[in-house]
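Dear colleague,

The findings follow after it.

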2 protein chains.
Amino acid sequence: MKFIVDTLGSDEGVKMAVEGTVDSYRKHGFDIVFVGPKEEILSYLPDDLKGVEIIDTKEYIHNDEHPVMAIRKKKNASIVLGLHRLNDDDVDGLVSAGSTGALLSGGYFITKRIDGIERGCLGALLPNKLGGTVLVDTGANMDTTPEILRQFAVMGSVYMEHVIGRENPRVALLNVGEEPTKGDKRAQETYQLLADSPLHFIGNIEGRSMLSEDADVIVADGFVGNVALKTIEGVAKLLLGEIKSGVYSSTKHKLGGMLLKDVFANIKENYNYKSRGGAPLLGVKKPVFKAHGNSDAEAFSMAVSEMYEYAGAGVEKKIAEKIAQLHADDAKQ
Amino acid sequence: MKFIVDTLGSDEGVKMAVEGTVDSYRKHGFDIVFVGPKEEILSYLPDDLKGVEIIDTKEYIHNDEHPVMAIRKKKNASIVLGLHRLNDDDVDGLVSAGSTGALLSGGYFITKRIDGIERGCLGALLPNKLGGTVLVDTGANMDTTPEILRQFAVMGSVYMEHVIGRENPRVALLNVGEEPTKGDKRAQETYQLLADSPLHFIGNIEGRSMLSEDADVIVADGFVGNVALKTIEGVAKLLLGEIKSGVYSSTKHKLGGMLLKDVFANIKENYNYKSRGGAPLLGVKKPVFKAHGNSDAEAFSMAVSEMYEYAGAGVEKKIAEKIAQLHADDAKQ
């Protein structure tokens, strides 16, 4: 397998991307194509990797640029060059910690959508005791329709089954109550579409169960999913931060903190919203993977390893099959 | 002041409502009108309160009934009788821990909306170090428009200024990013409406800052607000529960827990999503207050005391003035 690594546009710079990639390479062994400033990349590479393919560029798309415009105009932006290279047959995936908007737009206009898919979605794996629940979408697409949300459900389901290895994944719709009639119009219509689909739909799920083991796939419009994901991040960070500052506030508390060290470590490990290095852009023709914008080398290494597993699962073909089947079923009715 | 207390429809039954009301009465002193089963209510009342007005009924609206239909059909349901009594001049507010849907529908059809208000909203005070941020709406209305969200912003702002005592409250829009162009169509249009309004609008706020001190009013559609509120509840409960079970898992951990007892107690007090007894239904002509469905006597007492402060603030008149002013400004442009 051969992966493209976009080294530009992240908060932490080129070095962490190169080091993270090398770290993941040592574990899995794959071919690498770096995109970014060639000399700088070479300066961070160990001797045995100085011969890798490097697409040399210093240009990249910033977070505050209009992504669609930037993708069209900045022909030498790292993500544009990288996604064009991804269209070649010898390459199996791309990972980037740069602008999410640029990655999404590039995924649409350069990698292209899978046949039958209206919109793509970012699938973030939320931590829980069962090994995770995928939230689709976490912000790639807003103003979605029930049909688009049904497609998110299909993609999330394929991801959980073929990448995470969850059999017959339980799909739930993020909503304000359990009854089918709850929610806004979109949620009510989506409920019916999902109930009538061949997916393993288990009904609505409320915000308070986001980190429960009640569902394997949580379906949401990108606006709602993004707010929910960031709310989880915010509350977890705040509470753990408050505990930390409480522990450091006195000698007695420090002793208490020492005695509870493994309890806190366990919780941090089990419910760390950064326990994953990134999230796949589901719905495009080849594996495109978003690493956290503020990744360090360790997080980026995780993202590359996740991409390795994701690309190996052949999710695109399975999504195409399921969507074709769904549309064939629709036509029959 | 005289308040109506609906004793029916909560999870915990009539007793907690009566006891909670009596507890709040001992603190503030006000006249009470109970609605519910007269004999049962009398059996829980102390001697000095056995003479209070009681509207005798055993009927109430269940959580799984269609609220609008139920409000129309069940003429003797406690909330229907209570809201009709609220229309009398000698009564200043109503509190209920029964069906939220019934309270909202009843507020609309019996209490009626303030002139110019399109939809009401439930304003929950989120905990933070500054003494709270009101989230409007937490689930009263979905499928809202930018104009409706602007009205929520006005109502939240009046609430924070006149009930909580926050000067010139900072209003933020719950969104997926900071830039004005972020979010779905509704969020983008709402941003412009708020930016052009006389409110102290400070821009977008993301899910991760729900419990920060960055805003005094957070504006959201009821669907998004409800998901966010319940996500906060869920994550906080989960993390604190995990710490608790960790503390109880061994003698060493128990000792650590004892040493950190006041740290945990502080966090629980500062970030308890149940630190408030309930939330007002903003936008109706008289004070209507929703207590948590699973209130115990202590929580219900808090709700009654919050209603006491809320009703005393005369929020309805101020909302009417602000909305009239807003519409006058609109007409000028």
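**Findings from the predicted model**

At a relative accessibility of 52%, B:Asn168 counts as exposed. The model is a predicted one, and B:Asn168 is placed in it within the loop between α6 and β7 (170-174) of chain B. Its phi is near 45°, a positive value in a residue other than glycine. The counterpart in the other chain reads as follows: A:Asn168 lies in the loop between α6 and β7 (170-174) of chain A, has a phi near 45°, and is exposed, with a relative accessible area of 52%.

Helix α6 of chain B, residues 146-164, contains 19 residues. From first C-alpha to last it reaches 25 Å, close to the 27 Å expected at 1.5 Å a residue. Of these 19 residues, 16 are buried, so α6(B) is largely enclosed by the rest of the structure. Just after the helix, B:Gly165 adopts a positive phi of about 85°.

In chain B the cis bond joins B:Val136 and B:Asp137, with omega about 15°, and B:Asp137 is found in the loop between β6 (133-136) and α6.

**The interface of the two chains**

How many residues of each chain are in contact with the other? On chain A there are 46, and they are in contact with 46 residues of chain B. Between them the chains bury about 4,400 Å², of which 73% is on carbon and sulfur atoms. There are 6 salt bridges between chain A and chain B. One salt bridge is formed by B:Glu242 with A:Lys129, whose closest N and O atoms are 2.9 Å apart.

On the side of chain A that touches chain B, at least two residues each come from α7 (185-195), α8 (222-247), α9 (251-259) and α10 (261-270). The most is given by α8(A), with 19 residues. By type, the residues on this side divide into 24 nonpolar, 11 polar and 11 charged.

**Two individual residues**

A:Thr7 sits in the loop between β1 (2-6) and α1 (14-28) of chain A. With 1% relative accessibility, A:Thr7 counts as buried. Its side chain reaches the backbone oxygen of A:Val35 at 2.7 Å. Beyond its neighbours within four places in sequence, A:Thr7 is in contact with residues including A:Gly13, A:Val14, A:Phe34, A:Pro37 and A:Ile41.

B:Lys322 is located in helix α12 (residues 315-332) of chain B. Is B:Lys322 buried, partly exposed or exposed? It is partly exposed, because its relative accessible area of 42% falls between the limits of 20% and 50%. Leaving aside neighbours within four places in sequence, B:Lys322 is in contact with B:Val154 and B:Val158.

**Helix α11 of chain A**

Helix α11 of chain A runs over residues 297-312, which makes 16 residues. At 1.5 Å a residue it should span 22 Å, and its end C-alpha atoms are 22 Å apart, so the two agree. Among its buried residues are A:Phe300, A:Val304, A:Glu306, A:Met307 and A:Tyr310. Just after α11(A), A:Gly314 takes a positive phi of about 60°.

With kind regards

Notes. Residues numbered from 1 in each chain as written. Chains lettered and ligands numbered in written order. Predicted model: local features only at pLDDT ≥ 70, side-chain atom pairs only at ≥ 80, totals over all residues. Heavy atoms only, no water. Contact = heavy atoms within 4.5 Å. Buried area = accessible area lost by both parts, 1.4 Å probe. Salt bridge = Lys/Arg side-chain N within 4 Å of Asp/Glu carboxyl O. Helix = DSSP H or I, 4+ residues; strand = E, 2+ residues; numbered from the N terminus. Nonpolar A, V, L, I, M, F, W, Y, C, P; charged D, E, K, R; others polar. Expected span 1.5 Å × (residues − 1). Buried < 20%, exposed > 50% of the residue type's maximum accessible area, 1.4 Å probe, protein only. Polar contact = N/O pair within 3.5 Å; in protein donor to acceptor, adjacent residues only side chain to side chain.
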